[in-house]
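Student: I am new to this structure and would like a close look at one part of it. Please take me through the place where two chains meet.

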Number of protein chains: 4
Amino acid sequence: MKTVGHLINGQLVEHESCVQDVFNPATGEPSKQVSLATKSTVEEAISCAQAAYPAWRNTPPIKRARIMFRFKSLLEEHAERICKLVGEEHGKVRHDAAGELQRAIENVEFACGIPELLKGEHTKNVAEQIDSWSEFHPLGVVAGITPFNFPVMVPMWMFPLAIACGNTFILKPSERVPSATLYVANLLHEAGLPDGVLNVVNGDKETVDVLLSDKRIKAISFVGSTPIAQSIYTAACLHGKRCQALGGAKNHAVLMPDADIDNAVNQLLGAAFGSSGERCMALSVVVAVGDSVADSLVKKMCNEMQKLKVGAYDDNGNDFGPVISQAHKQKVLGYIDSAEADGATVVVDGRNVSVSGYEKGFFVGATLLDHVTTDMQSYQKEIFGPVMQVVRVQSMEDAITLIDNHEYGNGTCVFTRDGEAARYFSDNIEVGMVGINVPLPVPVAYHSFGGWKHSLFGDLHAYGPDGVKFYTKRKTITQRWPSSGVREGVSFSFPS
Amino acid sequence: MKTVGHLINGQLVEHESCVQDVFNPATGEPSKQVSLATKSTVEEAISCAQAAYPAWRNTPPIKRARIMFRFKSLLEEHAERICKLVGEEHGKVRHDAAGELQRAIENVEFACGIPELLKGEHTKNVAEQIDSWSEFHPLGVVAGITPFNFPVMVPMWMFPLAIACGNTFILKPSERVPSATLYVANLLHEAGLPDGVLNVVNGDKETVDVLLSDKRIKAISFVGSTPIAQSIYTAACLHGKRCQALGGAKNHAVLMPDADIDNAVNQLLGAAFGSSGERCMALSVVVAVGDSVADSLVKKMCNEMQKLKVGAYDDNGNDFGPVISQAHKQKVLGYIDSAEADGATVVVDGRNVSVSGYEKGFFVGATLLDHVTTDMQSYQKEIFGPVMQVVRVQSMEDAITLIDNHEYGNGTCVFTRDGEAARYFSDNIEVGMVGINVPLPVPVAYHSFGGWKHSLFGDLHAYGPDGVKFYTKRKTITQRWPSSGVREGVSFSFPS
Amino acid sequence: MKTVGHLINGQLVEHESCVQDVFNPATGEPSKQVSLATKSTVEEAISCAQAAYPAWRNTPPIKRARIMFRFKSLLEEHAERICKLVGEEHGKVRHDAAGELQRAIENVEFACGIPELLKGEHTKNVAEQIDSWSEFHPLGVVAGITPFNFPVMVPMWMFPLAIACGNTFILKPSERVPSATLYVANLLHEAGLPDGVLNVVNGDKETVDVLLSDKRIKAISFVGSTPIAQSIYTAACLHGKRCQALGGAKNHAVLMPDADIDNAVNQLLGAAFGSSGERCMALSVVVAVGDSVADSLVKKMCNEMQKLKVGAYDDNGNDFGPVISQAHKQKVLGYIDSAEADGATVVVDGRNVSVSGYEKGFFVGATLLDHVTTDMQSYQKEIFGPVMQVVRVQSMEDAITLIDNHEYGNGTCVFTRDGEAARYFSDNIEVGMVGINVPLPVPVAYHSFGGWKHSLFGDLHAYGPDGVKFYTKRKTITQRWPSSGVREGVSFSFPS
Amino acid sequence: MKTVGHLINGQLVEHESCVQDVFNPATGEPSKQVSLATKSTVEEAISCAQAAYPAWRNTPPIKRARIMFRFKSLLEEHAERICKLVGEEHGKVRHDAAGELQRAIENVEFACGIPELLKGEHTKNVAEQIDSWSEFHPLGVVAGITPFNFPVMVPMWMFPLAIACGNTFILKPSERVPSATLYVANLLHEAGLPDGVLNVVNGDKETVDVLLSDKRIKAISFVGSTPIAQSIYTAACLHGKRCQALGGAKNHAVLMPDADIDNAVNQLLGAAFGSSGERCMALSVVVAVGDSVADSLVKKMCNEMQKLKVGAYDDNGNDFGPVISQAHKQKVLGYIDSAEADGATVVVDGRNVSVSGYEKGFFVGATLLDHVTTDMQSYQKEIFGPVMQVVRVQSMEDAITLIDNHEYGNGTCVFTRDGEAARYFSDNIEVGMVGINVPLPVPVAYHSFGGWKHSLFGDLHAYGPDGVKFYTKRKTITQRWPSSGVREGVSFSFPS
C-alpha cells in the first residue's frame, strides 16, 4: 500500500515514522497509509521554512504574486486529478469537489492582488517636515492546521495568502485526507515557489504540539471543532503566537411567511445535504415562523428528498457521498436516534441507506427531523452529517432569540421578500455571516470568513482583507531629515 | 483627606471599600485617598455598561461622533485644570502634562471621524444578482486598564475610539493617579454621553480580576509592564476575550557617523529625560557607531545635561519632575548602582539630587552612563527613570543585531543623513515603531501605536486604524432577492 | 441701505463698484445692496489667495483640521444669526434654514478628518529595494461659484474641504443672497484661518469670467442650472482648469403598489414643497405604478396639502416661504398654466395664494398636478417651485424607461417594501443618487453628492471622498537609495 | 502587400476604405498597409460595443477578472510573436519590446484584482435605521486613442482596466504600428472575451473625430503630443465626455554633488537613449548642480556612449533601434542642428550614424549636448529622439526653478544620497512623477501614471487606482425600510 509522506524544502520525503491508514469512505477500506511526522521531522520543516524566510520576505510582492498566477493556471489544468484525490479519501462527489476547488482557486486569485493589498498608509507632514507611514511586514514562519472536510479549500484559505504576504508556511493537513493537499502543495512548487517556503507535514496531535510550542512559529491558523479550536487558541496565546482558530457551527435558516418556499426548499437541499452535511457552513436547522410555513416546508422537503442520490464520489450523478469514517457514521446515527427518543419526528430517515456495490461504505442518507426543540442534544450539538432539523417558532423575534442562545454564531440565513425583515434580522442577529435568501453565505475570497461566539477564536477573520491583516504586522515609520544637507551646502558654497 | 471614588452610570460614587493613599510625588506626602472597588462595585459598573449598550450601539455613528466633538472642546477649555491634576499625582511638569493632554485630544479628534472609519466594503454582483458587504459591529462592553505614567493620554488611546465604535466601556486607571482620569471621564458626560456608556472604577488587582473573568466583558486593552501584560493577555484569551496588552520597552537610538550630532543631542535630552524617563517610548539607550561618535556624544550630552532643571510640576521652568514613588526611586537608583558596579562609567550622576523645598520628593537627577554593555542588568531591564545609557558598536549591522537581541521591540530611532542607511535600518530592524532622526517615534493618532516582540501581546496595535479593527467585529452579509416580487407581478397583470 | 461687500485677505472690503439690490422675498422689497466686484477686485482676491498658498500648503493637515474643529463650534454658536440672514434674503423658514446649516456643518465635520483622508498609498519593494508611494497635493488657488437656494450649505460643500486639503479659495456666492455666506466665511477667520486662504467676492457674470480665465485659478466648483453648468465646464476645460459643474434636476419618485402610501405621502410633502421646491434634490414628479396607487396618492396628498402653511421665514410654524424673486414666481406660475393648458389636472392650485401682511411677497402655494405626461413642458423642465406632478404608468419597467429618458439624472426614489424591486430599481436606473423609501437621497457628508447625465459635468462628485480627490492632485514618488552609503562605509572601515 | 484591418465584434474585418503604408523603420521600406476606417466602420464598431454593453455590465466582476487571468497567460505564451510585431513596425529592439510587453502585462495583472478594486463604501445607520452605500458603475462604451511609441503597453494601460470595470471599448491605435495591437486584442478574445466588448479600429483623424462626436462614447483616454491632447480634451469636454489626455514631456534629472555618478551614468544611458528616446518618460535633460559634477558627468557619459549599439530590432545585442519615420528623423536632426547653432556643445554626435545593411533605416545615433540653456529650442521642445542635453546650474533651488518653468511636468528625478535633499526636491517640484535615484519613475501598475501641467489634461491619472475611478461613475444609494412588514405582522398576530 502506498504511503503518503511530507513535503519539506521542496522535496517529497518519507521519514521513518509511525503510519496510519487512509480510508476510502465509499468502500470502507483503507487504500493508503500516511506517515505521522515525528518531532524531528516537524522541526526540520520549521528549520527549512526559517531558512527560506529572509529571501522570500525580500522578494517584491509582485514577484510573489506571479507565482500565484501560475499556481492558479496549474490548479485549473490539474483539476480532474485533484478532484479524484479528494473523492478517494474524503468521499465527496466530483461536482462537489470541483466546487471546493473553485473556491480554493478564488483564494489564489485574491492572493494575486497582493501588491494592492499590502499598501501601507503614507502621511506627508504629520508635523512640519515630518512624514509617517505604515508598512505591513510578514510575520516569519506561520502554520496552518486544517480539517478533513475540505482537503483543498481550507488549506488554501491560508497558505496562498500567507505566502503572498511574505511568510513561509508549515501546513499540517488532516491525516485522513492527505493526498490532495500534498498534490496542490506540489503544484505551487511547479509554479516556481522557492524550496522551503511551503512545507507540508502529515501527522497527529504530536505534530500539532510541536507547532504550538516551537518559538520559531509566529502564527497559527486552525479550522476544526470548537473544543480543539479553543485549546489551540489558548496554547498559541500562551506561547506568544498570533492565532485564529475556527471551530464548530450550527447554522440556522429562518423561513418567514412571505418567503418563496419552493425556492427556499431548492436551496436548502444543497445547503443541508451537500457534502453529507460535513461543512462548517452546512445549513442544519430550519426555523420556520408559523406552523403553516413549517408544514408546507416539511411536505415539500420530503418530496424533494426522495430524489436525492447518495453514492460514491466517481459517479457525478450522485448528490452526495459517504461521511468520513465508520466512527463518524455511528455518531451521526446516534444523534438521529437521540432526537427520535427526545420526541422529534423522523420525517425522512436516512439511517438504513445502503449503496449497491459499496455496502461497507460510510453512507448516511438524507434525514429530516421535525418538531425539534432546543433542549434536544441533536439541536445543541453540531452533527456534521446529512441531517436537517426543523424547529417551529411564532415570530422572527423568537427565531432571533433562539439563534442567539446557541453556542455557535457562524452562519445564518433568512428567507423573505421583505426589505425590513431582512435588514432587521441581519442587523440584530449575533452571527458573523448572514445570508438573505442565500443559505450558505460563505463570503467570497475578497471578503473575509468568520463566525462569532464559539465559532471563531481570535480577532481577525480568515482570508480576504482580514487574512492580510492576520498574516502581517504593522511597522510605523516616522521620518524627519535634518536640514543643512548637501542641498543647502551647495547653495552656501556658491559661488567661490 | 479627600477620597477619590468611581464614576458609574454617569454618577460619581464612593462605595464603602478599602482605600489607598495617593501621593504627591513632589512633596513625597499623601494628598488624597482612592477607593479600591470591591467585586460588587465592578459588577455594578459592568451591569450599567451592559444596560447602556443596546441604545448606544444603535445610535448612528455621526451622533456618537458629535459627542466627541464636544468632548474635544471641553478638554481644551479645561486644560489647565487637567494638567494640574496630572501634576499633583503624577509629578510631571505642566508643559509636559500639556503635551500629554494634546496627544490625548488627538485621539478624540480621530474618533470624531468615526463615520468614515466604520465604512464597510460593498460588492455588487459577487455572483449574478447577489451582493455582499461587510459591517463593523461593536463588541459590547469592553474594558481598559491603564498605567500611572500617562493618566490622561493612555486611557484616551482607548475609550474615545471604543465608545465611538459603539461599545460601552469600563476603565480602570492606575490607582496612583486617579483624579485626572476621573475628571476627563466626567467631561465626556458633560459633552452629552449617555449614562453608563463610560464607567470608571478605581481599584487594584481584585478589580482587574473581575474584569478579566466576567463574561460580559468582550475585550480588554491594557498598557503596563510586560509580565503583567503577558498574564493579562493569557487570562483574557482563556476567558474568550479579545485582548491587546502593551508591555515594556527599551528603546535604542542608533547614532551614525554622518549624523548631525548637535541636533541629535538636543533631541535626545527630551527623549531620555522628559517625564523623568517614565515613558514606554523613552529613548534610554544610545548606540553610538564608532568611538569618535560616542566620545563626541558623551561630551556634548554632558554639557547640555548641566542645564537641566528637575523640580515640582507647578514650575514650568523645570524640565522634569520626580518619579512616581519612593519605591520606584530606589529601584532606579539601584539600576544606576548596579551599572556602576558592572563597570559602566557614570558620566553624569543624578543619584544625589535634592530639590529645595521638596526635600522629601521622589526626585532622581538626569544620569548618563557610558560604556554600558549588553550583559549589564541596567541594559537588560526597563529602568523607567531619567537614565541614559551609551553602548558603543562599530557598525550599523552590529547595532541592528544588538537591538534585535533585546527582549523588547517597541520603538527605535536612527540618526543619519543618508537615505540608504535609514531605509536599511527601518526595513530590517525588528521593532514596531521606527524613527528616522525622530527620537520618540510615537505614531500620530491617525496611525497606530504598537511594538513588536515582548512589547505588545495581541494582533492589533493600539488606536488609529488598528484601534477601530480592535473595537469592532466583522459581519459579512450576502444578499439575493428572489424574483417574481411586486415588480414583476405588476408587469404580469398589465394587460387590459 | 446697507451695502454688502467682499471678504479679501481677511478683511471685509467694499470697493467702488456697481451695486445691485438684495430683496427680502417675503416682503418683496429690497433690503440691502450688494457690491458687484470689478475685474481688479477679483484679481486682488486671487493675488491674496496666491500669496497665502505656500504657507497654507505647508501647514500640516492636522493643524488645518483644527481650524475646522473651531469653525464647527462657531457655526453652532451662531446658528440663530446665520438662519436669520438666510431667511431675510432667501426666504426659507427658520427650521428649514437650520436644516441647511446642519448639513453644512456636516461637511465641516468631514473636513476635520482630513489627516485620515489625505493618506497616500505606500508600497515597499515595487522592485528590489525600490519603494513607491503617492501623495495628494493641493491644487493651489481654487474657486467656487454657488447658487441662491442654499446660501450656506452649497458653499460649504466646497470651501471647508478644499481648504482642509491645503488649497486657498475664492468663493463667489449668489449675489441675491450674499450675507449669510459672508457671515460664515468670517467665522472661519475667527476660527483661526490665516488671511487670504478664503476670499469671498460678490459679483455677477463679469466676476465669473475673471475666475474662468485667470491662469492662477486651478479648479472651479460650480452649482447652478444646467445651461450655465455646461458653459462653465466647457470654459474651465478650455482654460486648463479642473472643473465639476452641477446642474439641474427632475427627481422622480416611483410609488409601487406594495408601498406604505401613508408613509410615502408624509415624506413626499416635505420632499416636494420644502424650501418651496427650490432644491436640486426636490422630489417634483411622482410616478405612480397603477391607477389605483395614483388615485389613492392624489387623494391623500390633496388632504395633507390643505394643512400646509406658506409664509415668512421668521414664523417657524410655516412650512415653507416665498420663492426667490418676482420673476421666478412668474416662471413657476407659467409652468402651472402650461400644464393646465396641456391637459394636466390641477388638483391643488397654489397660483393665487396670498399671505396676510406680506401681500407683495413672492409666494406660490403648494400645487398638485395629476395626469401629467412626458410631452408637457412642465414635465420636461425643472420648475424649481412648490409643484408636484403625478405621472401614471403601469409597471416599474415603464417607470424606469420614463426616468431614463429624461435629460437629468440627479436623484430618484422608489417606495416599496420588496427587496427585489428595490434592488432592481437601484441597479438599473440611470441616476446618480437613489433613495429606497427615502425621497431626498442626499448623500451624507462622508459619502459624495452627484447626479448623472446632464445633472453633473465632470469626473468627480461633490464633497465626501470624491471631493478630496477633486481638490488634490496625485504625485507618485519612486525611490531607490544607492548602496555604499555611510552604513557600509563604516562597515568597511571596521578596523579589525 | 498585406493589409491590416479592424477587429469588430470579435471578427477581423477589412472594409473597403483608404489605406496607408506601414513602414519597417529599420529598412526604411513599407512592409504592409493599414486600412483607415471610414465613419461607417467606426459607427459599426460603436454599435457593436453598445450592443455588448448590457450583458457585460451585468457579468460579475470576478468573471470579468477571469478572462483577464487567461489573457495574461496568453500574452506570456505569445510574447515572442508580439515583440516581433512591435519590432517590425516600431523598430524597437527585442529586449526593449519585451520590457514594454512586461509593463503591459502588469496592467492586466492589476485588472485581475477588479473585485477588490470595485468595492464600494457601506455605512450602516447614516441616520436611525437608514443605510447608505456607494457603487461604482461602468460608464458604457469608452474609447482609447494611442500613440506609436508603445503599440502594446499604452493600449493596455487602458482597455484591460476599462473592460474589467464593465465597460465596452473602442481602441484606435496608431496607424503606423497597427499589428501588435491587433494581435493582443485578438488574444483577449481567445481568452474568452465576448464579441463586441473590445473593438479595434485603425484610422486617422477622421476616425478620431467620429469617436469624439458620437454621443454613445462616454469617455476617451488619449496619449500623444500636447497640442493634440489639449484639442482632444477640449473636444471631449464639449461633447459631454469624460476625458484624460496625456501629452508631451521634458523630463529632467538633477544630479547633486553627493550623487554616485557612476551609478547615475549607468542609469541615464538607458533612460535617455532606450527606445531611441521615443518615450514620454525619456530622461532627456540632466541638470548638473555645479560645474565639477557636470564635467565629470559629461566625461563619463561620453565614454559609455561609445559602447552603445544602434541597429535593427531583431538583433538583441543592439541597444536601440531607429526612430519611427524619415520625417521624424529629420526633425530630431534639426533639433541637434539648432542646438549647435544656438551655442550648445555637441559632445557626442549621432547625426551621421549608418547601420550596415540598413542604410535606408531611420537611424539616429546617441547624441550628447552640453552647455544647453533654457532659451534654446532644443531645450524647450520635446525632441523624442536619442538626444541627452546637459544644463548646468549652481544649486538645487536653481534646478527646481528651471524645471518648474518648463511647460511640462511629467517625470523628473534627483540623484543624491541625502535624505533631506531628496525629500525637499520631491515635495516641492511641480512634476507628477518623481524618481529618487530612479531615472524613469514610471509608477507600477497598481499605482497611477500622470504628469502635471501640460503633460496631462484631466482630473484623474492613467491606470492603477485612478484608472478605476476614471472608468467608473459613482452611484450612492440611501435605503430605509418602512416598518410593519411581514416581520412585525407575524409578531402582532401572535397568538390570538
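Which residue of chain D meets the side chain of A:Glu106 in a salt bridge?

Tutor: The partner is D:Arg66, and the N to O distance is 3.6 Å. A salt bridge here is a side-chain nitrogen of Lys or Arg within 4 Å of a carboxyl oxygen of Asp or Glu.

A word on the ground rules. This is a predicted model, in which local features need pLDDT of at least 70 and side-chain atom pairs count only at pLDDT 80 or more, while totals for chains, interfaces and linings use all residues. Residues are numbered from 1 along each chain as its sequence is written, chains are lettered from A and ligands numbered from 1 in the order in which they are written, and side-chain values use heavy atoms, with hydrogens and water left out.

Now widen the view to the whole meeting of chain A and chain D. Each chain puts 48 residues into the contact (heavy atoms within 4.5 Å). The buried area is about 3,900 Å², and carbon and sulfur atoms give 61% of it. Buried area is the accessible area (1.4 Å probe) that two parts lose on being put together, summed over both.

Helix 15 of chain A gives the largest share, 6 residues. By class, this side of chain A divides into 20 nonpolar, 12 polar and 16 charged residues.

Some terms need their limits. Helices (H or I, at least four residues) and strands (E, at least two) are DSSP runs, numbered from the N terminus. Ala, Val, Leu, Ile, Met, Phe, Trp, Tyr, Cys and Pro count as nonpolar, Asp, Glu, Lys and Arg as charged, and the others, Gly among them, as polar.

Chain A also meets chain B. There, 64 residues of chain A touch 64 residues of chain B. About 5,200 Å² is buried between them, with 50% from carbon and sulfur atoms. In chain A, A:His447, A:Asp459 and A:Arg474 lose the most area to chain B, together 14% of what that side buries. The salt-bridge count between chain A and chain B is 8. A:Arg474 takes part in one of them, meeting B:Asp466 at 2.8 Å, N to O. Strand 23 (residues 472-480) of chain A gives the most to this side, with 8 residues. The side of chain A that touches chain B holds 25 nonpolar, 25 polar and 14 charged residues.

Strands also join up between these two chains. Strand 20 (residues 433-436) of chain A runs parallel to strand 23 (residues 472-480) of chain B, and 4 bridges join them. Two strands pair if DSSP finds at least two bridges between them. A:Val434 stands opposite B:Ile477 there.
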